Amino acid sequence: MGILREDVVVISPAEKAGDPTVISVNCPDKTGLGCDLCRIVLHFGLSIARGDFSTDGKWCYIVLWVDGKTNTRWDLLEKRLLEVCPSYFSTSGIDYYRPANQQPKRLDVYLLKFWCSCVRKELLHDITLVLFDLELTIKRVKVSTTPDGKVMDLFFITDTRELLHTKERQGETILHLKTALGDILESCEIESAGEEITACSQGTSFLPSAITEDMFSLELPARHPGGLLASDPISVTVDNSLSPSHTLIQILCQDHKGLIYDTMRTLKDYNIQVSYGRFFANRRGGCELDLFIVQADGKKIIDRNKQNALCSRLRMELFRPLRVAVVSRGPDTELLVANPVELSGRGRPLVFHDITLALKNLNIQIFSVEIGRHMICDREWEVYRILLDEGDSHHVSRNMIEEGVRKLLMGWE
């Protein structure tokens, strides 16, 4: 018979200011469910202060204590969490136990095209905020500034609600953009992006070898990006003595935005099931994770090579979940940001939002943007190439730009 849909996800508001909101999920299990839930929590800009995961292999119970924001749309968050729970899919005849890395449904791509009469440093971030609030996902961006100071923006987007083909949804989007941008918005159009248009939007597929070798290395660097020794921030250990049927992974590290998501996506890509886990972030910025795991065959990890490979990957993914660099592109300055793509094909949420916010805070104008996916070191990466305004990039040092962007992406602001 199953449980009622409204019991699958329960969001309990904070009892008083400063207390966390509690999200409880009670549903049939699937490998990668924790990753999917944590990605959605990250997408809504929430940080997980504490978490408990437990499952018997068929049914799971997950509790997340999250620090919310005053403008969090909790009803929408509940709806999005329900959509990844197997019990919700079962009402539509979809199998509970879909493969963990099954590709998500391919959504239609639309071209959002508009002209603005003048350049404004916060323009791109303002647009990104509007699209985020409307649940429109940015796939690619082409920003062009003409010699007379006008801006033409091309956003290739998908619609989470799958309604952008309707006049009502298009009208709602254009109205929100006009409200946010005011008189500088001269024209705005939305049209379906056919395969030919989408192909032409890809931009260059070439990345300089010097960039790929340094930026996408899978080896831990000698020093932390912030200057700390690489041996300082992360400890990942394996223990097979505490449970007859599970391998215990213990992680001690510095907290960052999306840390639980980064852990869970790594385990999901390895097709590893978390049978029980707990997470706690202390007030000093440190985190502790205890995860009792099994392989796809339901057995603990005995092979020492597999243990070492998993620990090494976890250290790297938690140490460098995103790659940030400021480089020369001919005579110009270019900001590069990259994040690994899940085997399921999903990218990291809010990356472009945070990049534009960081550059806005640094008072740096964006001249052009390219977003694309590249196979590097046998992994797929989502790469953001942002060409910075020549005048603005000179009054802020490259180290300050890189540090400012990285800190905001990691939640260290």
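Reply: Helices and strands are taken here as DSSP runs, numbered from the N terminus, with a helix being H or I over at least four residues and a strand being E over at least two. The model is a predicted one, in which local features need pLDDT of at least 70 and side-chain atom pairs count only at pLDDT 80 or more, whereas totals for chains, interfaces and linings use all residues. Residues are numbered from 1 along each chain as its sequence is written, and side-chain values use heavy atoms, with hydrogens and water left out.

By these rules the protein has 13 helices and 16 strands. Of its 413 residues, 51% are buried, where buried means under 20% relative accessible area, exposed over 50% and partly exposed in between, for a 1.4 Å probe and protein chains only. Among contacts (heavy atoms within 4.5 Å) between residues at least 6 apart in sequence, 70% join residues at least 24 apart. Leaving out residues up to four places away in sequence, serine 192 touches Val109 and Tyr110.

On a 1 Å grid over the protein atoms alone, a cavity is a set of points where a 1.4 Å probe fits but cannot get out, a pocket is an open set with protein on both sides within 12 Å along at least five of seven lines, and lining residues have an atom within 4 Å of a point. Grid points are joined across faces, edges and corners, and a volume is the space filled by probe spheres set on the points. The structure holds five cavities of 30 Å³ or more, and the largest cavity has a volume of about 180 Å³. Its lining comprises 18 residues, with Asp29, Leu33, Gly34, Gln273 and Val274 closest to the centre. At least two lining residues of the largest cavity come from each of α2, β3, β4 (59–67), α9 and β11 (273–281). For the classes, Ala, Val, Leu, Ile, Met, Phe, Trp, Tyr, Cys and Pro count as nonpolar, Asp, Glu, Lys and Arg as charged, and the others, Gly among them, as polar; the lining of the largest cavity then has nine nonpolar, six polar and three charged residues.

Elements α5, β6 (136–145) and β7 each give at least two residues to the lining of the second largest cavity, which divides into six nonpolar, two polar and three charged residues.

Strand β7 (residues 151–159) also holds aspartate 159, which counts as buried because its relative accessible area is 3%. The side chain of aspartate 159 makes a polar contact of 2.8 Å with that of arginine 169; a polar contact is a pair of N or O atoms within 3.5 Å, and within protein one must be able to donate a hydrogen and the other to accept it, with residues adjacent in sequence counting only if both atoms are side-chain atoms. Beyond four places in sequence, the contacts of aspartate 159 include Glu135. Glutamate 135 sits in the loop between α5 and β6, is buried because its relative accessibility is 7%, and has a positive phi near 60 degrees. Most residues other than glycine have a negative phi.

Among the open spaces, the second largest pocket has about 670 Å³ of space and 35 lining residues, of which Leu42, Phe44, Gly45, Leu46 and Lys69 lie nearest its centre. Helix α2 gives the largest share of that lining, four residues, and by class the lining has 18 nonpolar, nine polar and eight charged residues.
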